[in-house]
Amino acid sequence: YVFKTNGYDAYREQIRQDIREADLITLNVGSNDIFTSPATYATVEYAARVAAGEDFSNKGITGIIGKLLPSLYDSNTDTASEMGIFGTLLSPEASGFLEIMLPKCLESMQAAKQNYALILKELRALNPTAQIITIGVFNPVHAVNLIGGDVITFGKLADNVLLPFNSAIPRISAQYGCTYVDVVDVATDSSVHPTDAGYEEMTARILAKVRPITEFKDIALQSPEFQKAIQWSVNTRIAYGTGEGTFSPNKIVSRGEMLTYLWRLAGEPRVESSASFIDVNEGDYFAEAVNWAVEMGITKGTTAFTFSPYATCTRAQIVTFLYRAQA
């Protein structure tokens with residue numbers, strides 16, 4: 001949406017149209033976004049600072065570890081080489097690189113979380129009804145040992161690094177009615193990509209979450225426009241199904257339900273005041289909606305003391321509520 005190189009700008013409207021017409025959209029952030037790109041920038045910066053004469057030997061995280069555990073790295077022996085990647089990371093040559101790269105990785109994860117919300121918001125604006133499947137980040141280094149054997153592995157450490165990020169994605173996804181699929185633990189190989197079995201597992205988890213265009217078995221006879229409207233109401237959490245895979249499209253709507261729909265559409269705002277209707281109790285699902293509607297002037301109740309939440313909401317009442325809500 002921003003870059004205009006290589007003629008990309010000419011395809012923007014076509015991409016928008018494709019999104020509008022889609023029934024299924026998938027979105028994922030890859031390991032390249034949060035690891036490889038920061039590492040690339042770190043490599044360039046590290047080389048430039050070394051060329052300028054900066055000495056990283058006793059600086060940063062690696063320098064601290066080297067001082068605390070000097071026996072783990074001894075430049076006069078082959079101990080480091082025997083320890084594989086851990087020995088490499090503890091070498092003076094790696095100190096500066098890690099000092100630059102690790103903060104960049106954390107920054108990239110934070111930026112990715114912020115961008116995730118912006119992307120989902122834009123996708124929902126273009127297509128309120130499509131199923132959007134968001135996919136977590138797999139751990140690319142499950143197969144890489146930190147120290148010989150399986151006592152400490154790079155994979156276990158990377159799981160802990162990815163956990164906050166992969167916990168944020170489902171929370172963000174839920175705000176936009178998306179379906180989250182966790183793939184952090186699929187098998188990877190030494191090329192830091194999933195194995196064949198890992199790819200098959202990812203595929204199976206994603207396919208298990210793909211739903212029909214509509215999940216309700218009782219709206220098949222409704223027009224396509226009605227079906228999309230119903231799915232939109234569920235995706236945006238304005239209305240829910242009535243249980244057992246049904247939406248009950250011909251069910252009569254009560255006054256309490258109608259105001260609840262409006263309240264959810266407004267973002268479920270909280271209000272300090274409490275309406276004094278004798279037939280609205282604090283624990284009722286529509287109580288907050290009624291309090292909000294009274295404060296906003298959308299309703300005054302059926303009498304000075306009653307709201308009649310279970311009474312049928314007539315067409316006249318519905319359009320009146322809508323009119324006052326938009327006023």
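The model is a predicted one, in which local features need pLDDT of at least 70, side-chain atom pairs count only at pLDDT 80 or more, and totals for chains, interfaces and linings use all residues. Numbering starts from 1 along each chain as its sequence is written, and side-chain values use heavy atoms, with hydrogens and water left out.

Let us begin with the whole protein. It has 12 helices and three strands; these are DSSP runs numbered from the N terminus, where a helix is H or I with at least four residues and a strand is E with at least two. Of its 327 residues, 35% count as buried. Here buried means under 20% relative accessible area, exposed means over 50%, and partly exposed lies in between, for a 1.4 Å probe and protein chains only. Among contacts with a separation of 6 or more, 68% join residues 24 or more positions apart; a contact means heavy atoms within 4.5 Å.

Now to the inside. In soluble globular proteins, nonpolar side chains tend to be buried together. A nonpolar core is a set of buried Ala, Val, Leu, Ile, Met, Phe, Trp, Tyr and Cys residues joined through side-chain atoms within 4.5 Å. The largest such core has 23 residues, and Ile25, Val29, Ile34, Tyr116, Leu120 and Phe165 touch the most other members. Strand S1 (24-28), helix H6 (92-126) and helix H7 (154-175) each supply at least two residues of this core, and H6 gives the most, with six residues. Ile25 itself touches Ile19, Leu123, Ala130, Gln131, Ile132 and Ile133, leaving aside residues up to four places away in sequence. There is also a second, separate core of 18 residues, which includes Phe277, Ala289, Val290 and Phe321.

Ile25 also leads us to the strand it sits in. S1 has a covered face made of Ile25 and Leu27, while Leu24, Thr26 and Asn28 make the uncovered one. S1 runs parallel to strand S2 (residues 131-135), and five bridges join the two; strands pair if DSSP finds at least two bridges between them. Within this pair, Leu27 stands opposite Thr134 in S2.

Next comes H11, a helix with much to look at. Helix H11 (287-295) has Ala287, Ala289, Val290, Asn291, Trp292 and Ala293 buried. What covers these buried residues includes H10. After H11 comes Gly297, whose phi is positive, near 80°.

Gly256 is found in helix H10 and counts as buried because its relative accessible area is 0%. It touches Tyr285, Phe286, Phe307 and Pro309, not counting residues up to four places away in sequence. The C-alpha atoms of Gly256 and Val280, 24 residues apart along the chain, are separated by 9.4 Å.

Rolling a probe the size of a water molecule over the atoms shows where empty space is left. On a 1 Å grid over the protein atoms alone, with a 1.4 Å probe, a pocket is an open set of points with protein on both sides within 12 Å along at least five of seven lines, and lining residues have an atom within 4 Å of a point. The second largest pocket holds about 740 Å³ of space, where volume is the space filled by probe spheres set on the points, joined across faces, edges and corners. Its lining has 26 residues, and Ser233, Ala239, Phe247, Val253 and Tyr261 lie nearest its centre. Helix H9 (224-235), helix H10 (255-265) and helix H12 (315-326) each supply at least two lining residues, with the largest share, seven residues, coming from H10.

Finally, a few loop residues deserve a visit. Most residues other than glycine have a negative phi, and most peptide bonds are trans. Glu244, in the loop between H9 and H10, has a positive phi near 55° and counts as exposed because its relative accessibility is 71%. Ser308, in the loop between H11 and H12, also has a positive phi, near 60°, and is partly exposed, with a relative accessible area of 23%. Asp189 is found in the loop between strand S3 (179-181) and helix H8 (196-209). The C-alpha atoms of Asp189 and Pro140, 49 residues apart along the chain, are separated by 8.1 Å.
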